Amino acid sequence: MDDFERLRGRLFGIAYRMMGTAADAEEIVQEAWLRWQGVDQDAVKDPDAYLAKIVTNLSIKQLTSARVRRETYVGEWLPEPVLTGGRFEELGPLDVVAERDSVSMALLVVLERLTPAERAAYVLREAFAYSYREVAELIGTSEANARQLVSRASKRVAAEPRRERRVDRSEWHRLVERFIAAAQQGEIEELEALLAEDVVSRADGGGKVFAARNALTGRERVARYLVGALQKYGEGLEVQFAEANGQPTFLAVSPRGVEAVCFVTFGDDDGVTDLRFVMNPDKLTFAAAQLSRIGGLSDLHW
């Protein structure tokens, strides 16, 4: 195995955490591969650092233009989900909490608020444990400035209110099954009882499918929206439990394939605090390709 293939997973992981979209990450990794083919590889003393620097700088450059495009994005913008666990190895092993947190939907949303340099420094330091000296070399700055970038980013991440209680997967599964059943059966009172008072629901349809274009807040409003949407558009949908971005999730599936990847977060009182529905067909392409590689939904075990 050559150096690039050996490092492909790490390179994709850096680009994905930087961009928040698998499509952009794949494009960046492909560009890095093209550049790698154009150099005297035997003369590169440290391929790991060389390729990580290419990907980091391509990500910084592309993130700047991507944010301009996102300013005109229709509705809520959410990161693109990547299936994880089992045979899905695109994001590498996510065996410990810190590794799962580094690709969580919640963190990727927060990282959108950082400058590209802050995001790069934070990702390299916190997700990949590069030293401050290495971070500085990879993004082309001084070690002192790299420390400042990581510090500022860490403070902004820590300042975000945590609305999540960690639950084991069996408990999450049980609570989500109740939530789904109430929504499918139109039991608004039961559904409201499962939602936190200040629950927030976000749906990313990209203007291509039906989805609320703004975040919805409050248990009554969210419950009525979910029931109404399912009654109008939910015919033929089935639920498949899975893992995405290191978190338990469920897929809304129709005969056409995956229609949505859904993230449900619970608070301290077992009430749902956050709902995130990724429904833009463009953001389901990567997950669909992952499923195709393993033989489809029938081989998806949670």
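1. Helices (H or I, at least four residues) and strands (E, at least two residues) are here DSSP runs, numbered from the N terminus. With that in mind, α11 gives the most to the lining of the second largest pocket, namely five residues. This is a predicted model, in which local features need pLDDT of at least 70 and side-chain atom pairs count only at pLDDT 80 or more, while totals for chains, interfaces and linings use all residues. Residues are numbered from 1 along each chain as its sequence is written, and side-chain values use heavy atoms, with hydrogens and water left out.

2. The sheet. Six strands form an open sheet in the order β2-β1-β6-β5-β4-β3, and their pairing is mixed; two strands pair if DSSP finds at least two bridges between them. At the edges stand β2 (216–217) and β3 (238–244), each of which pairs on one side only. Within the sheet, β1 (residues 195–204) and β6 (residues 272–278) run parallel and are joined by six bridges, and Asp 204 has Val 278 of β6 as its bridge partner.

3. In contrast to the parallel run of β1 and β6, β3 and β4 pair in the antiparallel sense, over seven bridges. The bridge partner of Ala 242 in β4 is Thr 249. Two residues lie between the strands of this hairpin, where Asn 245 takes a positive phi near 55°.

4. Helices on the sheet. Helix α9 (residues 169–184) packs on the sheet and touches β1, β3, β4 (247–254), β5 (257–266) and β6, contact meaning heavy atoms within 4.5 Å. Helix α11 (residues 219–233) lies across β1, β2 and β6.

5. The cavity. A search of the whole structure finds one cavity of 30 Å³ or more, and the largest cavity has a volume of about 40 Å³. On a 1 Å grid over the protein atoms alone, a cavity is a set of points where a 1.4 Å probe fits but cannot get out, a pocket is an open set with protein on both sides within 12 Å along at least five of seven lines, and lining residues have an atom within 4 Å of a point. Grid points are joined across faces, edges and corners, and a volume is the space filled by probe spheres set on them. The lining of the largest cavity is made by Met 105, Ala 106, Glu 164, Gln 247, Phe 263, Thr 265 and Arg 276, with α5 (105–111) and β5 each supplying at least two of its residues. By class, three of these lining residues are nonpolar, two are polar and two are charged, where Ala, Val, Leu, Ile, Met, Phe, Trp, Tyr, Cys and Pro count as nonpolar, Asp, Glu, Lys and Arg as charged, and the others, Gly among them, as polar.

6. Gln 247, which lines the largest cavity, belongs to strand β4 and counts as buried because its relative accessibility is 16%, buried meaning under 20% relative accessible area, exposed over 50%, and partly exposed in between (1.4 Å probe, protein chains only). Leaving aside neighbours within four places in sequence, Gln 247 is in contact with Ser 104, Met 105, Arg 169, Ala 242 and Phe 263. Thr 265, in strand β5, is likewise buried, with a relative accessible area of 10%. With its neighbours within four places in sequence left aside, Thr 265 is in contact with Arg 163, Glu 164, Gly 271, Val 272, Thr 273 and Asp 274.

7. The largest pocket. Its volume is about 1000 Å³, and of the 42 residues that line this pocket, the closest to its centre are Ser 104, Ala 106, Leu 107, Arg 162 and Glu 164. The largest share of this lining, five residues, comes from α5. By class, the lining of the largest pocket holds 20 nonpolar, six polar and 16 charged residues.

8. The second largest pocket. About 720 Å³ of space lies here, and of its 29 lining residues, the closest to the centre are Leu 230, Leu 237, Ala 252, Ala 260 and Met 279. At least two lining residues come from each of α9, α11, β3, β4 and β5. The lining of the second largest pocket divides into 22 nonpolar, three polar and four charged residues.

9. Backbone points to check by eye. Ala 129 has a positive phi of about 60° although it is not a glycine; Ala 129 lies in the loop between α6 (116–127) and α7 (132–139) and is exposed, with a relative accessible area of 61%. Asn 245, whose phi is near 55°, is found in the loop between β3 and β4, and is buried, with a relative accessible area of 0%.

Terms used. Axes are lines fitted to C-alpha atoms, for helices over the stretch in contact, and angles run from 0 to 180 degrees between N-to-C directions.
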